[in-house]
Amino acid sequence: MTDCSLAEAERRDRADSVGHARARFDLPEGLIYLDGNSLGALPRHTAATVLNVIAAQWGQSLITSWNRHAWIGLPQRLGARIAPLIGADPGEVIVADTTSANLFKLIAAVLGARPDRHVVLSETGNFPTDLYMAQGVIAMRGDCSLKTVAGSELIAAIDEHVAVVLLTHVHYKSGRVYDMAAITAAAHAKGALVIWDLSHSTGAVAVDLNGCDADLAVGCCYKYLNGGPGAPAFLYVARRLQPELNSPMSGWMGHAAPFAFEDGYRPAPGIDRFLCGTPSVLAMAGLEAGLATFDDVDRDALFAKGRALGDYCIELMDGRCAGRGFTVVSPRDGSVRGSHVSYSHAQSWPLCRALIARGVIGDFRAPDTLRLGFAPLYTRFVDVWRAVDAVRDIIDSGTWDNPAYHASATVT
Ligand SMILES: *Cc1c(COP(=O)(O)O)cnc(C)c1O
């Protein structure tokens, strides 16, 4: 039986070996933020870092900053900082564009390199933009199709027609984690490649792309990487595949010699060919500050804490919110769960709004999922305890049933 006391939560925080990292963030006093899986918290150094790029670099050095302050190398430099979080080498990861645009680039690149194969295979209920981008590439080509199957049928559906398997490593709703090594091996056995969307993984769970012999990946930098709203995304291409894959967005920054101003496109060698246009320097400065929040933090301890926070949430919900209509939709087994826990409940939407009104920020995913995210760099065990306590009180007091909490919102 879990000890459901607040004192136990405080004891766990005292024993937390990565708890010091919370001081790197500027979180509002008293707020319980359980949505770092959707928008990471603001690091303390972000404002000063971005302001320095604006005032000192842009303001004083103007265009010479591209060389003097090495702005031009930001996509590679930030990619190299993300690489160790996902088991990749520097030179295999680059920061550019959005996750959606990067999906487009990689799906089109694989279909272009595998003319004998015409199927993109994905999971029914994958994150929408993954499916939408695949649909967009397919509409442009005219000779390919998207096939979606339930996750449990995925490996059996990989055949000699499949060019690429497109999967999200940690499912955005349920938090279920795919076995990257097993699926990659199954795809390779049938001659297919795999694109992993690491948006809900990077910075929260262990990922070992090279250890799994992975091919391709994309990921989001405004979630657990704390890069700021709309931060540029990253993409990974295994070194062995770089020479044979070409970006369909053949912009000048992906050219072998952008400042030679040639008429004809020649792809850059290596990962640089997946750049398109000019890097967003201010946004990248924010991302650089976000990535610095991982400096000197033991990664194994960090990922173990993410799992422990999720386990603790489930134990407290079992212990304190039983009989109140909640069904956990995330795996109970922390080894196959990402760093968020989701519950289905008939009143998830008004409950989520009532929690926010009380200073406990989680989120809602249609049709009935309450999602609680645990960014292990700054979420404390007491935050989980107080969130579960608030859920229990809002249900028991009937506070959720206030017309204001039933109203709709544009962003959930
Ligand atoms: C958040 C998220 C994205 C974000 O895509 P953008 O193009 O950056 O808006 C993509 N895929 C998954 C699985 C996500 O969770």
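Two packed helices are described by the angle between their axes and the distance between the axes. Please keep in mind that the model you are viewing is a predicted one.

With that in hand, find helix H5, residues 99-113, and helix H6, residues 128-141; their axes come within 9 Å and cross at roughly 45°. Angles under 35 degrees count as roughly parallel, and those from 65 to 115 as roughly perpendicular, so H5 and H6 are oblique to each other. The crossing in which H5 passes H6 is right-handed. On the H5 side, the contact is made by Ser-100, Leu-103, Phe-104, Ile-107, Ala-108, Leu-111 and Gly-112. H6 brings Thr-129, Asp-130, Met-133, Ala-134, Gly-136, Val-137, Met-140 and Arg-141. Sorted by class, the contact of H5 with H6 holds nine nonpolar, four polar and two charged residues.

Now move to another pair. Helix H4 covers residues 74-82 and helix H9 covers residues 281-292; their axes come within 11 Å and cross at roughly 20°. That angle makes H4 roughly parallel to H9, and their crossing is left-handed. From H4, the residues Leu-74, Pro-75, Arg-77, Leu-78, Arg-81 and Ile-82 meet Val-281, Met-284, Leu-287, Glu-288, Leu-291 and Ala-292 of H9. In the contact of H4 with H9, nine residues are nonpolar, none is polar and three are charged.

Let us step back to the whole protein. How many helices and strands are there in the protein? There are 13 helices and 13 strands. Along its principal axes, the C-alpha trace spans about 70 × 55 × 40 Å. A compact globule with 412 residues would have a radius of gyration near 22 Å, and the protein agrees with this because its own value is 22 Å. Buried residues make up 53% of the 412 residues. Of the contacts between residues at least 6 apart in sequence, 72% join residues at least 24 apart.

A few loops are worth a visit. In the loop between strand E6 (193-197) and strand E7 (216-219) sits Asp-213, whose phi is near 60°, a positive value in a residue other than glycine. Is Asp-213 buried, partly exposed or exposed? Its relative accessibility is 40%, so Asp-213 counts as partly exposed. Phe-261 lies in the loop between strand E8 (234-237) and H9. Although Phe-261 is not a glycine, its phi is positive, about 50°. With 58% relative accessibility, Phe-261 counts as exposed.

The last stop is around strand E13. The loop between strand E12 (363-365) and strand E13 (369-373) contains Pro-367, and the peptide bond from Ala-366 to Pro-367 is cis, with omega near 0°. Within strand E13 you will find Arg-371. Its relative accessible area is 1%, and buried means under 20%, so Arg-371 is buried. From Arg-371 to His-255 there are 116 residues in sequence and 42 Å in space, C-alpha to C-alpha.

How values were computed:
Residues are numbered from 1 along each chain as its sequence is written. This is a predicted model: local features need pLDDT of at least 70, side-chain atom pairs count only at pLDDT 80 or more; totals for chains, interfaces and linings use all residues. Side-chain values use heavy atoms; hydrogens and water are left out. Axes are lines fitted to C-alpha atoms, for helices over the stretch in contact, and angles run from 0 to 180 degrees between N-to-C directions. Helices (H or I, at least four residues) and strands (E, at least two) are DSSP runs, numbered from the N terminus. Angles under 35 degrees count as roughly parallel, over 145 as roughly antiparallel, 65 to 115 as roughly perpendicular and the rest as oblique. A crossing is left-handed if the near helix is turned anticlockwise from the far one by less than a right angle, and right-handed if clockwise. Contact means heavy atoms within 4.5 Å. Ala, Val, Leu, Ile, Met, Phe, Trp, Tyr, Cys and Pro count as nonpolar, Asp, Glu, Lys and Arg as charged, and the others, Gly among them, as polar. The radius of gyration is taken over C-alpha atoms; the globule rule is 2.2 Å times the number of residues to the power 0.38. Buried means under 20% relative accessible area, exposed over 50%, partly exposed in between (1.4 Å probe, protein chains only).
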